[in-house]
Amino acid sequence: IADIADSVTELSTVSGLKAYPNPTSGELQIECALHQSGLVNLTLYGLDGKIVTSETRALSSGTNRLSLDLGNLQSGVYTLSLQVGQTTLQQLVVKL
């Protein structure tokens, strides 16, 4: 059982996704903690499931702060998805 728990721990490479201010009228600040350096896929989806914007960034281990400009988007609800390896974290974001 300990081997299974260790494997699950190794798969979790990112934690603590925070996006603020939420709701926002423009610049969205994104904070996440990586357990090791790696590539992060940051994707914003509309309610229809279509990709609004997507980018890949190289981040270092520890707490990372990113900025995403939503100023040119229509008002509405979006899903922010952050993927590192096999781990995906999501948060709803409201654009005013």
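Tutor: Two strands count as paired if DSSP finds at least two bridges between them. Strands are DSSP runs of E with at least two residues, and helices are runs of H or I with at least four, numbered from the N terminus. This is a predicted model, in which local features need pLDDT of at least 70, side-chain atom pairs count only at pLDDT 80 or more, and totals for chains, interfaces and linings use all residues. Residues are numbered from 1 along each chain as its sequence is written, and side-chain values use heavy atoms, without hydrogens and water.

Student: Over how many bridges do strand 2 and strand 5 pair?

Tutor: Strand 5 covers residues 62–69 and runs antiparallel to strand 2.

Student: Which residue of strand 2 is the bridge partner of Lys-18?

Tutor: Strand 1 (residues 14–20) and strand 2 (residues 27–34) pair in the antiparallel sense over five bridges. A hairpin of six residues links strand 1 to strand 2. In strand 2, the partner of Lys-18 is Glu-31.

Student: What residue of strand 6 is the bridge partner of Thr-43?

Tutor: Strand 3 (residues 38–45) and strand 6 (residues 76–84) are antiparallel and joined by five bridges. In strand 6, Thr-43 has as its partner Ser-81.
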